[in-house]
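Please study the sequence and the model before reading each solution.

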Amino acid sequence: MKRLLVLLLLLFCADVLAQGNSVRLKEIARVEGVRDNALAGYGLVIGLAGTGDTTKNRLTVQSVANTLSHFGVNISPDDLNSRNVAAVMVTATLPAFAESGQKLDVSVSSLGDARSLSGGILLLTPLNGPDGKLYALAQGALSVGGYQVRAFGSVDQKNHPTVGRVPDGATVEREAPLGLGEGGRTLDVVLYQPDFTTAERIAQSLRRNAGMSAVAEHAGKVRVTFAAPPSDLVQAISMIENVPVTPDQVARVVVNERTGTVVSGGDVRLGAVTISQGDLRIQVQTDYLVSQPDGVLVNPSRNIGTAVVPQANINVQDPEARLVSIPNGATVADLIAALRAIHLSTRDVITILQSIKDAGALRGELVIQ
């Protein structure tokens, strides 16, 4: 009887811990068909204070002439000479379920040789999707987080002055394309980070908590099958999104050599390993001495003159190698704490992590950025 009570208590504690680590399904997966869409368009930025494209950029000159022709002004591109205009590419992201009239932020990037887009205004620019259809129209004043000033050959620049944004600068004209079909009996859930264990846990949670028929197709997709097409698809998706799931975490260490950053998950373990780190330093210091002939020379030889004599001092420091032993099952945090105790830099820690991975003592994935 006591063993049964202990077993039930352990199962209850395990269930409580699992629920404590669980998240909603919507935080680790999405319904297939619900996605953002990229938009792009070509336009002109006007009103620049002499910082636009030069006349060598025939693309801009021809675009200005074509734009003026729409307003009844016919002019030859050869007659245009202005640096107040810049050719740009306009990009935006059309979110799923976007409706007509919704506002979007747009990014504007220079195409030609403009020095700065500061103070410019984007002319009306159509934004098309990958299918070639028009989904939004963009227009408005640019917000540029940088500048470039030139005067008498001197240049002062801050940030990137040839890229700007127009907050709420685009208006949606066509509804976003949606791949979510209505009236079907199946619905696919796509994981943000494919994992076989997490996919199987999602299927089990859907069967247990939502009473739905779910099968993990592979590491990145779970298929939900309804007995009959749901009459309220939004309610069905809402139930799926709020199902609790305990995702499985991959033992992974991420290293950024450029910034010297090491990020490790709490479940990354190490095998028993011994680390010996040496520190050989060679310092060469060179002093230059000037040697001149003494006295006053009458008709001196051409071989007599001032000479510069280098004098080098070499200092070699070879301290005793420091030794660190890591027991089996230690974490990466324990390793870094031990290496910090012997005053190793972050660069040395990264090198040691790579060596531990090569030695097969790092029980996880090492990602080097």
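Contact means heavy atoms within 4.5 Å. This is a predicted model, in which local features need pLDDT of at least 70 and side-chain atom pairs count only at pLDDT 80 or more, while totals for chains, interfaces and linings use all residues. Residues are numbered from 1 along each chain as its sequence is written, and side-chain values use heavy atoms, with hydrogens and water left out.

**Exercise 1. State the confidence of the model.**

Step 1. The pLDDT (the predictor's confidence in each residue, from 0 to 100) averages 80 over the protein, and 78% of the residues score at least 70.
Step 2. Over residues 4-19, however, the pLDDT is below 50, and this stretch has 1 contact in the model beyond near neighbours in sequence.

**Exercise 2. Describe the protein as a whole.**

Step 1. Helices (H or I, at least four residues) and strands (E, at least two) are DSSP runs, numbered from the N terminus; the protein has 6 helices and 23 strands.
Step 2. Of its 369 residues, 31% are buried, where buried means under 20% relative accessible area, exposed over 50%, and partly exposed in between (1.4 Å probe, protein chains only).
Step 3. Among contacts with a separation of 6 or more, 70% come from residues 24 or more positions apart.

**Exercise 3. Identify the partners of strand 3.**

Step 1. Two strands pair if DSSP finds at least two bridges between them.
Step 2. Strand 3 (residues 37-46) runs antiparallel to strand 4 (residues 86-94), joined by 9 bridges; here Ala40 has Thr91 as its bridge partner.
Step 3. Strand 3 also pairs with strand 6 (residues 121-128), in the antiparallel sense, over 3 bridges; Val45 stands opposite Leu122 of strand 6.

**Exercise 4. Examine helix 2 and its packing.**

Step 1. Helix 2 (residues 58-69) has 12 residues and reaches 17 Å from its first C-alpha to its last.
Step 2. That reach is close to the 16 Å expected at 1.5 Å a residue, the expected span being 1.5 Å times one less than the number of residues.
Step 3. Its buried residues are Thr60, Val61, Ser63, Val64 and Ala65, and they pack against strand 3 and strand 4.

**Exercise 5. Determine the surroundings of Thr198.**

Step 1. Thr198 lies in helix 3 (residues 196-209).
Step 2. Thr198 has a relative accessible area of 5% and is therefore buried.
Step 3. Leaving aside neighbours within four places in sequence, Thr198 is in contact with Ile28, Leu191, Pro247 and Asp248.
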